[in-house]
Amino acid sequence: MTSAVDSGVWMRRYRPAPDARVRLLCLPHAGGAAGYYTPVAAALTPAVDVLAAQYPGRQDRRHEQPVTDLRELADRVAEAVTDGDDRPLALFGHSMGALVGYEVALRLEAAGRGPMRLFVSGRRAPSAFRPSEDLHKAADAELLASVRRLSGTDDRVLEDEELVRLVLPAIRADYQAAETYEPRPGDRLGCPVTVLTGDADTMTTVAEARAWSQHTDGPSDLHVLPGGHFYLNDRVPEVTDVLRRHLAR
């Protein structure tokens with residue numbers, strides 16, 4: 001696989017660790033940005049070189065058109081991370097980022113450069129079907145109310161009308177990408193999959209999280225932590241401990 005996109009545009013390193021033996025690519029949730037993973041980078045550096053994907057349509061890429069198709073987004077991320085660095089690579093994705101990570105892993109494996117492990121967080125398995133979700137078609141107020149309930153976006157942003165106008169197109173595009181995504185029958189990973197979820201997450205039950213084991217021929221393990229959909233906000237030490245232990249292998 002040869003990269004056709006600018007990895008410097010797509011990838012962020014908040015704590016560069018050029019001497020680390022492994023890399024971890026973090027993939028943001030719907031409406032999220034690369035900076036969300038700064039605490040993860042701080043906790044894992046210097047043993048792990050942590051990268052975070054910056055999707056179009058937010059922060060320094062706010063003037064770019066957001067991507068509304070999850071597979072297209074995975075295409076671009078997979079191209080960007082194929083930058084000639086041959087160190088082992090793991091993927092971590094939260095919520096929508098888990099689906100992006102899954103699709104990126106499929107692409108890397110198809111190219112013969114599969115990740116050493118996929119970490120999925122706060123997202124039910126692709127096979128865990130729920131009735132159609134159409135929040136991306138909802139009025140602004142309804143969509144923002146849903147975002148607020150999940151506690152993944154700073155309330156100060158959602159209360160600032162100017163900031164809302166800036167972030168809403170990216171949020172809506174990400175919801176569309178996640179809600180219209182359908183897994184391809186027969187797609188299956190070869191790498192190990194580690195699943196993390198909050199015990200009070202209304203978006204993902206423990207059973208739906210456990211179903212990720214059906215999407216890999218490799219081993220899988222499940223970690224249930226206290227908290228809701230954005231349990232990670234308050235559980236960075238516990239999450240990075242799981243990451244550290246697996247990546248050290």
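Axes here are lines fitted to C-alpha atoms, for helices over the stretch in contact, and angles run from 0 to 180 degrees between N-to-C directions. The model is a predicted one, so local features need pLDDT of at least 70 and side-chain atom pairs count only at pLDDT 80 or more, while totals for chains, interfaces and linings use all residues. Residues are numbered from 1 along each chain as its sequence is written, and side-chain values use heavy atoms, with hydrogens and water left out.

On to the helix pair. α3 and α4 pack with their axes 8 Å apart, at an angle of about 60°. That makes α3 oblique to α4 (under 35 degrees counts as roughly parallel, over 145 as roughly antiparallel, 65 to 115 as roughly perpendicular, and the rest as oblique). Contact (heavy atoms within 4.5 Å) involves, among others, Leu70, Leu73 and Val77 of α3 and Met96, Leu99 and Val100 of α4.

Then there is the sheet: 7 strands, open, with mixed pairing, in the order β1-β3-β2-β4-β5-β6-β7. Strands are DSSP runs of E, at least two residues, and helices are runs of H or I, at least four, numbered from the N terminus; two strands pair if DSSP finds at least two bridges between them. β1 (11-12) and β7 (220-225) sit at the edges with a single partner strand each, so one side of each is left without a neighbour in the sheet. β1 pairs with β3 (residues 48-53) in the antiparallel sense over 2 bridges, and Arg12 stands opposite Ala52 in β3. Helix α3 (residues 70-81) packs on this sheet, touching β1, β2 (22-27) and β4 (89-94).
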